[in-house]
Amino acid sequence: MKMLTNIWRLILFGFLCTVFPSMEPMRTGAIKLHRTQPTERISGSAGDVLDDDPVGRLKVFVYELPSKYNKKILQKDQRCLTHMFAAEIFMHRFLLSSAVRTLNPEEADWFYTPVYTTCDLTPNGLPLPFKSPRMMRSAIQLISSNWPYWNRSEGADHFFLVPHDFGACFHYQEEKAIERGILPLLQRATLVQTFGQRNHVCLKEGSITIPPYAPPQKMQAHLIDEKTPRSIFVYFRGLFYDVGNDPEGGYYARGARAAVWENFKDNPLFDVSTKHPTTYYEDMQRAIFCLCPLGWAPWSPRLVEAVIFGCIPVIIADDIVLPFADAIPWEEIGVFVDEKDVPNLDTILTSIPVEVILRKQRLLANPSMKQAMLFPQPAQPGDAFHQVLNGLARKLPHDRSMVYLKPGQKILNWTAGPIGDLKPW
Amino acid sequence: MKLSALHQSYLNRRSSNFRGLSGDSSADGSMKSQASVFWLVLHGLCCLVSLVLGFRFSRLVFFLLFSPSTTTNLYSMPFRQAVEASVFQLSTEAANQVLPVNTTTPRVVVGRHGIRIRPWPHPDPVEVMKAHRIIERVQREQRAQFGVKAPRTLIAVTPTYVRTFQTLHMTGVMHSLMLVPYDLVWIVVEAGGVTNETTSLIAKSGLRNIHVGFNERMPNSWANRHRLEAKMRLHALKIIREEKLDGIVIFVDDSNMHSMELFDEIQNVKWIGALSVGILAHSNSAEESSFSLAWKEADNSVIPVQGPACNSSNRLIGWHTFNSLPFLEKSATHIDDRGIILPRKLEWAGFVLNSRLLWKDFTDKPMWMKDLDLFDGVDDMESPLLLLNDASVVEPLGRCGLQVMLWWLRVEARSDSKFPPGWVIDPPLEITVPSKHTPWPDALPELPMSDKIVDAQGETLAVKRPGKTRRSRSKHDARNKRKHESRNAEVDISEKQTKQN
């Protein structure tokens, strides 16, 4: 299966190379970038796939669900449009008006179900995932009874956006999430999620990892002159101890953030604190390295912010799978530090050769790199929406023997999972 | 991070459910008080236990008792932690679980981990140095990418002469020029001929300089000074022409104040550019009222800036000059005067030239540039605009004069003021008044009931001091001209006092 997709990938790439000879990024993105900075081309594992255009390579059919699954939820709480899980809403809007959308489901390669599972917010703004499994289940029951396409493949050519902490495990606490596992009904579908950790229950083979939503206009409003010299060596703002839930430490971030604080709070090279300054974005643009340690979940919007502001991300999360990992060579762009090596972080960072650091900065300056991390409104070529479609296109064509079921064959167990999930929504 | 409040609320809901349950069971009125007392006692016990343990162990209890499926395969992972090893063991046993994994055993395990702290969590100086080198290299790269692409050499022209405030002013200018990141040639024209003092001062900068003397002495009146300075600058321009120096000429007066952005901005000049100069018309007078009165008489909206004026399409249409009229009666004519020192209409400092304009046989020289030889005998060259046939070719710099990056200031001491050559005090100063009551750091503590009288026998006591290599000095010892620092003398005086007490 994997080799087949590889061959298809190579052929596709060869085709694109002959058809589009000059792949220079000529974009005017939502972020206005100065063209004077020399950048380096990003060659992913399959060539310059960030610049691929998905239009014409796949067709997506968007199910028309009753508005109680999407619009009504959004109406109840408008904060869903600005928090870091807003990708599910914007993806829906993008697909509705995209060129890859088809109104004829017979010719569709992929089917999209617009259900906003991460929009049940507490007064503080945190999404409660307790009703999400039931909501998802109810949506799947609807599409399987109204359209034949779910039963035809039991969801293998369907994709869902699950941007919550642990994806389709639908819980914010890791142990609970692992216990629940991925929702059984989704075990054949493609999941587009922010969570990614190797050898973890909540990351399925074939999932597409996306960056968390970060508001593009807000970040653009805080851009400063590129001439401003980068004088901060390492920068981080955030919690080190989650005093509310883990006062003793060691649980939150697997002790990694606490280790950063204890080892480097007195180090003048490390500008780390819990204070939330108003110049947070501007400070990132004055820093060379930005720490992106794990929190309760391994991913964070800090990665997106670091890429936009040209600060080299230092990723401290064991076995994390970063967004669009098959298209973006993160090893060459960021610095990966094992959690056990955190006490030696200063040695690690200062022993990186200067040429490597300059090269990473050049790679970060590439506009297609910055564009791929954003969800701008309206969508622009090369942005995260297009990268998701590229990822879906790379999985085509479907392996007919695996995707489509023989008549009468049933794989999914509709009664699996905790009893609470089976209640109707 | 953001989940904390959520987690908290979740747990609160759980604990409140628990409480609700017990509340329901005690529906009877008489039972209610017993239940509440029981809960109070339990709560107090829990608090005591938490105090002893050092953490809220109620969460642990809830987890153990009420978690829906505690898996049977619990084990504790060996960790080292900085504090509370025993307590830590208790929590590890309960909190850790093995991941139910289908493929390989993962490297990453959920649960409580140790906080790794290295034995000496302090910055290593070698690493700090390495980091600074990295920062420097990154900043250099940034400058190369976003700064000026092909930086030209700067040629700074400074007229100066030896006087009290020369060191003060020249040090400021010198430090500004040393910080300039571009190549620099400093042409210093000295009125009254080349002196050692100026030479040694300039040599400290380490900049490439051309130090020439000018045969006239600096006059005392401000008007004549301005004229002589203009002549000295012309002389420097002639030198540039002879040496065929290539770059941008800036007029750096020694008492002016320059910002670093200025040197970046003037790299944008093509032929001749003009900048806004902030005028700090300083008043030498002790009475502030006259100056502020004059300021108020002048239009309050007057911005003391000289420079180019542009229209809305950023084209040069005229010049802003400093309105000196309200101050004329109070202006200083001579250096010593107690009045306001006024600038000329347009100061030389606000102009920059491309040095190629001065070259004799430069083929691409524009038509509007006059030859320098025409000005040989001219008495008063007010500004470099006189070098041009057509003043409209001047390029306005600094966002069309909106940015003020240099300030004009003239501060001088009295013309007859004395100062030690090179500002080295040699021979040392005489002490005229010994201090009595100030406690010196290495003085012996004084006895509280002593009499602090200096008498004529003080000097004899001072001589007999044991074990001190420093020699004493008092006002009666004027004949002993021994070299030592004045600070030692003051310490000695105090010791003399303590000896008496």
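In the predicted model, the axes of helix 6 (residues 166-179) and helix 7 (residues 196-203), both of chain B, come within 10 Å and cross at roughly 30 degrees. Because angles under 35 degrees count as roughly parallel, helix 6 of chain B is roughly parallel to helix 7 of chain B. The crossing of these two helices is right-handed.

The axes of helix 13 (residues 354-365) of chain A and helix 5 (residues 125-146) of chain B come within 10 Å, with a crossing angle of roughly 45 degrees. Helix 13 of chain A and helix 5 of chain B are therefore oblique to each other. In this pair, helix 13 of chain A passes helix 5 of chain B in a right-handed crossing.

Chain B also carries a nonpolar surface patch of about 700 Å², made by Phe38(B), Leu42(B), Leu45(B), Leu48(B), Val49(B), Leu51(B) and Val52(B). Of these residues, Val52(B) is placed in helix 2 (residues 29-53) of chain B. The relative accessibility of Val52(B) is 72%, so this residue counts as exposed, the cut-off for that class being over 50%.

Ala274(B), by contrast, is buried, with a relative accessible area of 1%, where buried means under 20%. This alanine lies in strand 6 (residues 272-274) of chain B. Between Ala274(B) and Val352(B), the C-alpha to C-alpha distance is 6.4 Å, although the two are 78 residues apart in sequence.

Methods. Residues are numbered from 1 along each chain as its sequence is written. Chains are lettered from A and ligands numbered from 1 in the order in which they are written. This is a predicted model: local features need pLDDT of at least 70, side-chain atom pairs count only at pLDDT 80 or more; totals for chains, interfaces and linings use all residues. Side-chain values use heavy atoms; hydrogens and water are left out. Patches are made of residues with over 30% relative accessible area and no salt bridge: like charges are joined within 9 Å, nonpolar side chains (Val, Leu, Ile, Met, Phe, Trp, Tyr) within 5 Å. Accessible areas come from the Shrake-Rupley method with a 1.4 Å probe; for residues, only the protein chains shown count as cover. A salt bridge is a side-chain nitrogen of Lys or Arg within 4 Å of a carboxyl oxygen of Asp or Glu. Helices (H or I, at least four residues) and strands (E, at least two) are DSSP runs, numbered from the N terminus. Buried means under 20% relative accessible area, exposed over 50%, partly exposed in between (1.4 Å probe, protein chains only). Axes are lines fitted to C-alpha atoms, for helices over the stretch in contact, and angles run from 0 to 180 degrees between N-to-C directions. Angles under 35 degrees count as roughly parallel, over 145 as roughly antiparallel, 65 to 115 as roughly perpendicular and the rest as oblique. A crossing is left-handed if the near helix is turned anticlockwise from the far one by less than a right angle, and right-handed if clockwise.
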